Amino acid sequence: MEKLYIVANFKSNMTNNEAKNWLDVFISHKQELKNMGDKEVILAPTFTFLLSFNSVFSGTNIKLSAQNLSPFDEGAFTGEVNGKQIKDFADYVIIGHSERRNNFGETDEMLTKKVNLALKYGLTPIFCVQGKDTNIPQGVNVVAYEPVFAIGTGTPDTPENADKVCEDIIANHDNLSVLYGGSVTSDNVANFTKSDKIKGVLVGGASLDPMEFLNIIKNA
Ligand code: PEP
């Protein structure tokens, strides 16, 4: 069965207590979360919560993702978290988010290194592209089309344009699932996921409210 990916990107948000509260609400709906059919729900909290989220979701159908990984392997790279370490807690890793490209100067070359290290350790990259011309490294199977104008602005792309861009991306690559990201909410998610070109959504701001994220999962 083809998966419909629904990814929550918490970005650099939540204290430990806030994350616990989020989990309490989310888990109180575990019965609904057990029966999601083809929906692959992936939570990408900050690194500091990966251990506690892993102990809650280990053995369930909810998957975890890191938001980033080091462009280096293990070793003397102070402050970095590498792919081997992440694999203890997560199955996915977001790579190439525009916030990292723009605020941290991540280049295509660096992103290719990150993809290679993710694959080396058995992590599935969720590779963010800003349009159809963004370079996609070899070995990537899940891409999120995230136009910069739509991220965190409350102004999503039109479903028609998102559909067209996703179609163009797929046309140039084999074995690619393309998701849409940018101001997705429970009200608009179905406008994107109804397209057979769009295989899921990457959700930022709206995922910080667990009830809203649960509704996104339900409506997708
Ligand atoms: C994102 O950060 O990937 C994103 C899509 O954010 P938002 O949903 O807040 O636009």
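This briefing describes the fold, the overall dimensions and selected residues of one protein chain.

The model is predicted: local features require pLDDT of at least 70 and side-chain atom pairs count only at pLDDT 80 or more, whereas totals for chains, interfaces and linings use all residues. Residues are numbered from 1 along each chain as its sequence is written, and side-chain values use heavy atoms, with hydrogens and water left out. The chain contains nine helices and eight strands; these are DSSP runs numbered from the N terminus, with helices being H or I of at least four residues and strands E of at least two. Eight strands close into a barrel with parallel pairing.

**Overall dimensions and burial**

- The chain has a radius of gyration of 16 Å, which agrees with the value near 17 Å that a compact globule of 220 residues would have. The radius is taken over C-alpha atoms, and the globule rule is 2.2 Å times the number of residues to the power 0.38.
- The C-alpha trace spans about 45 × 40 × 35 Å along its principal axes.
- Of the 220 residues in the chain, 51% are buried. Buried means under 20% relative accessible area, exposed over 50%, and partly exposed in between (1.4 Å probe, protein chains only).
- The chain exposes about 10400 Å², of which carbon and sulfur atoms supply 49%. Accessible areas come from the Shrake-Rupley method with a 1.4 Å probe; for residues, only the protein chains shown count as cover.
- Among contacts in the chain with a separation of 6 or more, 66% are between residues 24 or more positions apart. Contact means heavy atoms within 4.5 Å.

**The barrel**

- The strand order in the barrel is β1-β2-β3-β4-β5-β6-β7-β8. Two strands pair if DSSP finds at least two bridges between them.
- Strands of a sheet pair through backbone hydrogen bonds, either parallel or antiparallel.
- On average, neighbouring strands of this sheet are turned by 25 degrees against each other, direction ignored. Axes are lines fitted to C-alpha atoms, for helices over the stretch in contact, and angles run from 0 to 180 degrees between N-to-C directions.
- Strand β2 (residues 39-44) runs parallel to strand β3 (residues 63-66) and is joined to it by two bridges. Ile-42 stands opposite Lys-63 in β3.
- Strand β5 (residues 124-129) is joined to β6 by four bridges in a parallel arrangement, and Val-129 stands opposite Tyr-145 in β6.
- On its other listed pairing, β6 is parallel to β7 over four bridges, with Val-143 opposite Val-178 in β7.
- Both faces of β6 (residues 142-145) are covered: Val-142 and Ala-144 are buried on one side, and Val-143 and Tyr-145 are buried on the other.

**Strand β1**

- Tyr-5 lies in strand β1 and counts as buried at 9% relative accessibility. The C-alpha atoms of Tyr-5 and Glu-40, 35 residues apart along the chain, are separated by 4.8 Å.
- Beyond its neighbours within four places in sequence, Tyr-5 has contacts that include Tyr-92, Val-142, Ser-177 and Lys-199.
- Ile-6 is also found in strand β1 (residues 4-9) and, at 0% relative accessibility, counts as buried.
- Ile-6 is in contact with Ile-216, and its other contacts beyond four places in sequence include Val-41, Phe-213 and Ala-220.

**Helix α3**

- Helix α3 (residues 47-57) packs on the sheet and touches β2 and β3, and its direction makes about 170 degrees with that of β3.
- The buried residues of α3 are Phe-49, Leu-50, Phe-53 and Phe-57. They cover an arc of only 120 degrees around the axis, which puts them on the same side of α3; the arc is that of the directions from the helix axis to the C-beta atoms.
- Cover for these buried residues includes α1 (16-27), β2 and β3.
- The exposed residues Thr-48, Leu-51 and Ser-55 are on the face of α3 turned away from its buried side.

**Positive phi angles**

- Most residues other than glycine have a negative phi.
- Met-14, in the loop between β1 and α1, has a positive phi near 90 degrees.
- Ser-183, in the loop between β7 (177-181) and α8 (189-193), has a positive phi near 55 degrees. At 18% relative accessibility, Ser-183 counts as buried.
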